[in-house]
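Here's a walk through one protein model, region by region. Keep the viewer open and follow along.

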Amino acid sequence: MKTDGYTRICGLIGNPVEHTVSPVIHNTLADAFALNLVYVPFRVEQERVEEAVRGAYALNLLGCNVTVPYKSRVMPYLKEIDPLAERIGAVNTLVRIPGGFKGYNTDMPGLYRAMCEDGVEIAGKKALVLGAGGVARAVALLLWEKGAESITLLNRTLEKAERIAGEINGLAGRPVADAMEPGAFASLPADVEYLAVQATNLGMFPDTEGALIEDPAFYRRIHTGYELIFNPSRTKFMKLVEENGGRAFGGLKMLLYQGIIAFELWTGKKIDAALAAEVYAEMQKAMGLKPQGVMALEPQKAMGLEP
Ligand code: NAP
């Protein structure tokens, strides 16, 4: 890739950023459209988030992604915030507008697009959310907005799960969500099968043997397990779901679509299914995986992940 005086820059603000796959997404897309644009990760120290956002604007960056642990922390330094990001309380994409950046959340629509493509239905389903952090909150909102019949959040810190369930019930005006500690899962009705979304950090590289719940009895209640972690490509959660008769999906497709939506916001380009598939294959290659079609309805069985 050549750079010159006209090259536009998009960046990633986070810490750490060294293992990111996002440059593969955006640089592949920039090449595909022959855009003079590069995407670069920026490691930002905690106390320098404001400087980073204002500095990125001063340096004429076209946009940024924001990752852990700054998705909420960047919000005070933005010129505008999209209503969806405001509602979720987290921004993962900054788009340059006159006088500053506008913040968007593309994680939630990215996850929805990935779930639709994987053939995962939400409407009328009973759902479990493992975790009650930033992304779990967005997942619970998504599940409610898309018509889940019930949403139970299981989290180590019960109060955080209770807070999110309370918010959802407030929005719904009826008791659609509740909360419990992970160890209390046996009190879930025994005759119900669930869609479960895994939104904790447990099982993420390098501690790949972790799972919030390890008891197979929990996994026998799950017909579909949706993992948000993408490294490794097959987590302990996914293995447990599959070993107990359910189907499992990993988080790489969510990563793909949150990136595609961000790129569309920055450049105004539209990414079609063929180009999305090309980018997905590049991401899999970059992670040492055997490329599989983006439209595949089967869970990724790819092995040999290199961190
Ligand atoms: P977060 O706000 O830090 O929340 C972390 C969650 O994990 C909390 O529920 C926390 O429980 C739980 N947790 C962490 N360590 C634990 C432990 N040792 N035992 C039990 N529970 C533990 O993180 P986040 O931003 O929501 O991200 C969550 C996951 O989503 C991450 O793995 C991230 O990789 C993934 N993600 C994927 C994509 C994608 O595109 N695929 C995008 C965004 C995020 P407590 O509340 O008790 O601390």
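Start with Pro16, which sits in the loop between strand 1 and helix 1 (22-32). Helices and strands here are DSSP runs (H or I over at least four residues for helices, E over at least two for strands), numbered from the N terminus. The peptide bond joining Asn15 to Pro16 is cis, with omega about 5°. There's another cis bond from Phe205 to Pro206, with omega near 5°, and Pro206 belongs to the loop between strand 10 (194-198) and helix 7 (216-219). As a bit of background, most peptide bonds are trans, and most residues other than glycine have a negative phi.

Some housekeeping: this is a predicted model, so local features need pLDDT of at least 70 and side-chain atom pairs count only at pLDDT 80 or more, while totals for chains, interfaces and linings use all residues. Residues are numbered from 1 along each chain as its sequence is written, and side-chain values use heavy atoms, with hydrogens and water left out.

## Helix 2 and its buried face

Which residues of helix 2 are buried? In this helix, residues 49-58, they are Val49, Ala52, Val53 and Ala56. Buried means under 20% relative accessible area, exposed means over 50%, and partly exposed is in between (1.4 Å probe, protein chains only). Looking down the axis of helix 2, these buried residues fall within an arc of 95°, so they line one face of the helix. That arc is taken from the directions from the helix axis to the C-beta atoms.

And what do the buried residues of helix 2 pack against? Their partners are strand 1 (8-14), strand 3 (63-66), strand 5 (93-97) and strand 6 (100-104). Contact here means heavy atoms within 4.5 Å.

## Just past helix 2

Asn60 lies in the loop between helix 2 and strand 3. Its phi is positive, about 65°, although Asn60 is not a glycine. At 40% relative accessibility, Asn60 counts as partly exposed.

Leu61 is in that loop between helix 2 and strand 3 too, but Leu61 is buried, with a relative accessible area of 5%. Leaving aside neighbours within four places in sequence, Leu61 touches Arg8, Ile9, Gly11, Phe42, Ala56, Arg96 and Phe101. For a sense of scale, Leu61 and Phe185 are 47 Å apart in space, C-alpha to C-alpha, and 124 residues apart in sequence.

Ala34 is another residue to check for backbone geometry: its phi is near 50°, a positive value in a residue other than glycine. You'll find Ala34 in the loop between helix 1 and strand 2 (37-43). Is Ala34 buried or exposed? Ala34 is exposed, with a relative accessible area of 70%.

Helix 4 has the buried residues Asp107, Met108, Gly110, Leu111, Ala114, Met115 and Glu117. They pack against helix 3 (83-88), helix 5, strand 10, strand 11 (222-227) and helix 9. After helix 4 comes Gly119, with a positive phi near 75°.

Asp118 lies in the loop between helix 4 (107-117) and strand 7 (126-130). Asp118 counts as buried, at 3% relative accessibility. Its side chain makes a polar contact of 2.6 Å with the side chain of Tyr226. A polar contact is a pair of N or O atoms within 3.5 Å; within protein, one must be able to donate a hydrogen and the other to accept it, and residues adjacent in sequence count only if both atoms are side-chain atoms.

## Around the ligand

There are 23 residues around the ligand, and Val135, Asn155, Thr157, Lys160 and Leu228 come nearest. To be counted as near, a residue needs a heavy atom within 4 Å. Helix 5 (134-145) and helix 9 (252-267) each supply at least two residues of this shell.

Now zoom in on the ligand's oxygen atoms. One is 2.7 Å from an N or O atom in the side chain of Asn155. On the backbone side, a ligand oxygen is 2.9 Å from a polar atom of Ala132, and a ligand oxygen is 3.3 Å from a polar backbone atom of Thr200. Taken alone, the ligand exposes 930 Å², and the protein buries 79% of that. These areas come from the Shrake-Rupley method with a 1.4 Å probe; for residues, only the protein chains shown count as cover.
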